[in-house]
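Please read them with the structure open beside you.

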Amino acid sequence: MATEDPLRLGVVAGDGIGPEIVSAAVQISERALAAVSVPVDWRRLRMGAEAITAEGTPLPEATLAELDRLDAWLLGPHDNAGYPAPFRDALSPGGTIRKRYGLYANIRPARRLSGAIPAVCPTLDVVVVRENTEGFYSDRNMYDGPGEFMPTADVAMAVAVFTREACERIAHQAFRLARTRRRSVTVAHKANVLSKTTGLFRDSCVRVAEQYPDVTVRLEHIDALAALLVARPAEFDVIVAENMFGDILSDLTGQLAGSLGMAPSVNLSDTKAMAQAAHGSAPDIAGRNIANPVAMILSTAMLLEWLAERHHRGALADAATRIRDAVCRSLDDGVHTPDLGGAATTTGFTEHVLSVLASA
Ligand code: ATP
C-alpha cells in the first residue's frame with residue numbers, strides 16, 4: 001500500500017447495538033484519519049439479521065468475496081440466538097469469518113481509561129491473548145457440524161480440541177506482546193483436572209517461553225486466576241488463555257477496568273485483522289441510543305495500529321493515538337453513557353469525541 005493510497009476498510013455493522021457502535025467508530029476514525037491526510041474507502045458489507053432478510057443468509061457470498069480482498073475490517077456483533085432456524089444453530093457469522101481467515105489471535109486489553117470512571121480494579125492493566133480457533137468452543141472444532149451432540153434427550157456432549165501448533169502459535173503472540181509491555185506472561189490453564197487438553201496448552205506455552213528468557217512466566221489455574229485478578233490486579237500483565245477461558249476472563253477484566261462496553265479487541269492472523277468489540281450484540285439495549293461505543297471505537301484504533309505496522313504507515317498509528325486520546329478526554333470531561341452511570345447517548349458521546357478531535 002503506497003502512502004498516498006486511500007485506506008480500504010470493510011465495515012460490517014451486524015446485529016443488536018452493532019449499527020449504532022459501528023457507525024460511531026466509522027465517523028470517529030474517518031475524522032482522525034482525515035487529520036493525518038489519509039482518505040478511507042469504506043466497503044459496507046451485510047451480515048446477520050439484515051442479511052437474512054435481504055439475501056436469505058446471515059453471511060452472504062458477496063460479503064465473503066469482498067473480505068477475501070481486504071486485509072482489515074470492522075465487525076459489529078452478531079446475535080445468533082435471534083436468527084430464525086436453521087441459522088440459529090449454525091456456526092455464527094463471526095465464528096465463520098474467524099475460521100475462514102484463520103484469525104487465531106484475539107487480543108483483548110483492559111485498563112481504566114479515565115480517572116472519572118468508577119472501576120472495581122483501577123490499577124488493572126492487562127491484555128488477554130485468547131486462542132481463537134479451537135479449545136472448548138466446540139463449534140470452532142469441526143469441519144462440519146456444531147461439535148455438540150445429544151445421544152439421548154437427556155445427555156449432551158461437546159468436542160474440545162487442542163493442538164500443539166495452535167497452542168504454540170498463540171503463546172508466541174503473548175510473549176511478543178509482553179516484550180512491548182511489562183515482560184510478564186500468565187498462562188491460564190486447568191491442568192490439575194484437564195491434564196491432556198489444558199495440560200498441552202500449558203506445556204506448549206512453557207516450551208515457547210524458553211525462547212523469551214527476558215519475559216517471566218507464571219502459571220495459574222483459571223479459577224484461581226479469576227479471583228486473583230480481583231484481589232491483586234496489579235500483578236498481571238499479559239494473560240494467555242484457550243478460547244473459552246479467554247472469552248470469559250476478558251469479560252471479567254473488561255468490567256473490572258470500568259465497563260464491558262469499553263473492552264476493545266482485534267482478531268489477527270499473520271495477514272489479516274478484524275476489529276471487534278469484546279462484548280456481544282446487547283439486544284436488551286439495542287436501538288435505544290444508549291450503548292457505549294468506546295469498545296468498538298478503540299477496537300478500530302487497534303486495527304489502525306496493526307495496519308500501521310504491517311504497511312509501515314506511521315500516519316495510521318498517529319490516527320490511532322488521536323482516537324484514543326480523544327476518547328479518554330471525553331471520558332475525563334464526564335461524558336458517560338448509562339453503563340458508566342452517566343446519561344450520555346451513543347450519538348452524544350460520539351459528537352463529543354468528534355469535537356475533541358476537531359479541536360486537537
Ligand atoms: P456474546 O455471547 O455475544 O458475547 P453476551 O451474552 O456476552 O454476548 P453481551 O451482548 O455482551 O452478552 O451483553 C452483556 C451485558 O452487557 C448486557 O446487559 C448488555 O446490555 C451489556 N453491554 C454489552 N455491551 C454493551 C455496550 N457497548 N454498552 C452498554 N452495555 C453493554
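1. A residue is called buried under 20% relative accessible area, exposed over 50%, and partly exposed in between, with a 1.4 Å probe and protein chains only. By that scale Arg 183, at a relative accessible area of 36%, is partly exposed. Arg 183 sits in the loop between α5 and β8 (184-189), and its phi is near 55°, a positive value in a residue other than glycine.

2. On the basis of these notes: this is a predicted model, in which local features need pLDDT of at least 70 and side-chain atom pairs count only at pLDDT 80 or more, while totals for chains, interfaces and linings use all residues. Residues are numbered from 1 along each chain as its sequence is written, and side-chain values use heavy atoms, with hydrogens and water left out. Helices (H or I, at least four residues) and strands (E, at least two) are DSSP runs, numbered from the N terminus.

3. Two further backbone features deserve a look. Ala 282 also has a positive phi, near 45°, in a residue other than glycine; Ala 282 lies in the loop between β12 (273-275) and α9 and, at 22% relative accessibility, counts as partly exposed. A cis peptide bond, with omega about 5°, joins Ala 85 and Pro 86, and Pro 86 belongs to the loop between β3 (72-75) and α4 (93-100). For context, most residues other than glycine have a negative phi, and most peptide bonds are trans.

4. The domain assignment, whose bounds come from an automatic or database source, divides the chain into domain 1 (1-102 + 269-359) and domain 2 (118-256). Their centres, taken over C-alpha atoms, are separated by 25 Å. Counting contact as heavy atoms within 4.5 Å, 5 residues of domain 1 touch 7 residues of domain 2.

5. A nonpolar core here is a set of buried Ala, Val, Leu, Ile, Met, Phe, Trp, Tyr and Cys residues joined through side-chain atoms within 4.5 Å. The largest such core has 95 residues, and those with the most contacts inside it include Leu 7, Val 185, Val 240 and Leu 303. Helix α9 (residues 294-310) gives the most to this core, with 12 residues. Because domain 1 and domain 2 both give residues to this core, it lies between them. Another core, of 13 residues, lies apart from it and has Leu 59, Leu 70, Trp 73 and Leu 75 among its members.

6. Which residues does Val 240 contact, leaving aside its neighbours within four places in sequence? Val 240 is in contact with Val 129, Ile 170, Ala 174, Val 185, Thr 186, Val 187, Ala 188, Phe 201 and Cys 205.

7. For helix pairs, axes are lines fitted to C-alpha atoms over the stretch in contact, and angles run from 0 to 180 degrees between N-to-C directions; angles under 35 degrees count as roughly parallel, over 145 as roughly antiparallel, 65 to 115 as roughly perpendicular and the rest as oblique. Helix α5 (residues 164-179) and helix α6 (residues 197-209) pack at about 50°, with their axes 8 Å apart. That angle makes α5 oblique to α6. Among the residues that meet there are Ile 170 and Phe 175 in α5, and Phe 201 and Cys 205 in α6.

8. Helix α1 (residues 18-35) and helix α11 (residues 346-359) pack at about 5°, with their axes 10 Å apart, and are therefore roughly parallel to each other. The contact involves residues including Ala 24, Ile 28 and Arg 31 of α1, with Val 353, Leu 354 and Leu 357 of α11.
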